[in-house]
Structures are given as C-alpha cells and as structure tokens.
Amino acid sequence: NGREEEVCDFMWKFDQSYLRLQGVKDGREETLFAVFFHARFEPKERRLLRGLAAFCGAKRFAFLRADSTGASHVLAARPRMDSESPAALPKGCRSFSGAVQALFKGWQGQGAHWQGHVRHGSWITAMERGMFAQRWDACEDPIAKCVAIQAEAQADSKKH
C-alpha cells in the first residue's frame, strides 16, 4: 500500500533482520516482508508483526517456524480479539519458498533483498531503539507507539 519504505525504516530502527520480497499478484506489484528471529522471542515478535501488519492496513500475517509449522494470524479491532489458525502448508513442505507459495496464493516473486543487522547508526537511533525495546518488553505495540509519537511531533511542529 505504499508503506514499504516506512516498514524498512521501522525494521532498521528496531534492528530487525528481514527479507524484502518483491512480486506480483493479480497484475499489481505486492511486497512481502519476512522477519527472522530466534524462537525464544516469539511472543515479542508476534506483537511487532501485528503492529507492522496493522500499520500497513493488512488484515492478516503468516507466522512460520523452523519446524515447518505455522499459523495464519487474522487481525481484529483489538489485539485480544485476533484469531489464529494453523497455516495451510502442504504436507512435507520443508522450504521457505514452498511456504510462501502456499500462504500467498497467486503471488509470483520477482526479486528479494536481504537486510541483516546494521552496526552503524546515530545517537538518536540508539535512543529510539532503546525506547522501542522498553515498549516491546512492556507488552505494548511498539509500532503504534512510534506512529503516535511521530504524529505528536508533526502536530507540535505545525503549531510553531
């Protein structure tokens, strides 16, 4: 929906490794993001993925595990009302590309870009990453908080 660059900016600020997949579905360009993390961070990562999906106006996101299981997460108005069902993966599906094809029917990949950990940044970025980590640990939606802070800053700058 045109927010791909903002999503990439969030991922950089929050020091997340991801794969940006460009492709086409039903004749129009569509970008998919695959975020990679350790299993012990699953609850925190689900909040991040939900926040990013809501930010982009998506109604669902897929969650895959290294053991070839996964879930399709459907967003509701409030996080506690979300629903989740087992991902419809073909029996014996052991590849990432097979899972993408099964979960995003009709999507045809055209390119991919890997963005791993970036060691450089500014002092402001370090502060933003620290605030994000605190919100994440407090079980909040970090994307919604960042968007609210950005909106407040823009409103304040228009007043002055």
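1. Which element gives the most to the lining of the largest pocket? That's S2, with nine residues. Helices (H or I, at least four residues) and strands (E, at least two) are DSSP runs, numbered from the N terminus.

2. A quick word on the source: this is a predicted model, where local features need pLDDT of at least 70 and side-chain atom pairs count only at pLDDT 80 or more, while totals for chains, interfaces and linings use all residues. Residues are numbered from 1 along each chain as its sequence is written, and side-chain values use heavy atoms, leaving out hydrogens and water.

3. Back to the largest pocket, whose volume is about 1,500 Å³. Of its 45 lining residues, Leu32, Phe33, Phe61, Ala62 and Phe104 are the closest to the centre. A pocket here is an open set of points on a 1 Å grid over the protein atoms alone, where a 1.4 Å probe fits, with protein on both sides within 12 Å along at least five of seven lines; lining residues have an atom within 4 Å of a point. Volume is the space filled by probe spheres set on the points, which are joined across faces, edges and corners.

4. The second largest pocket holds about 190 Å³. Its lining has 12 residues, with Arg46, Arg47, Arg50, Pro79 and Asp82 nearest the centre. H2 supplies the largest share, five residues.
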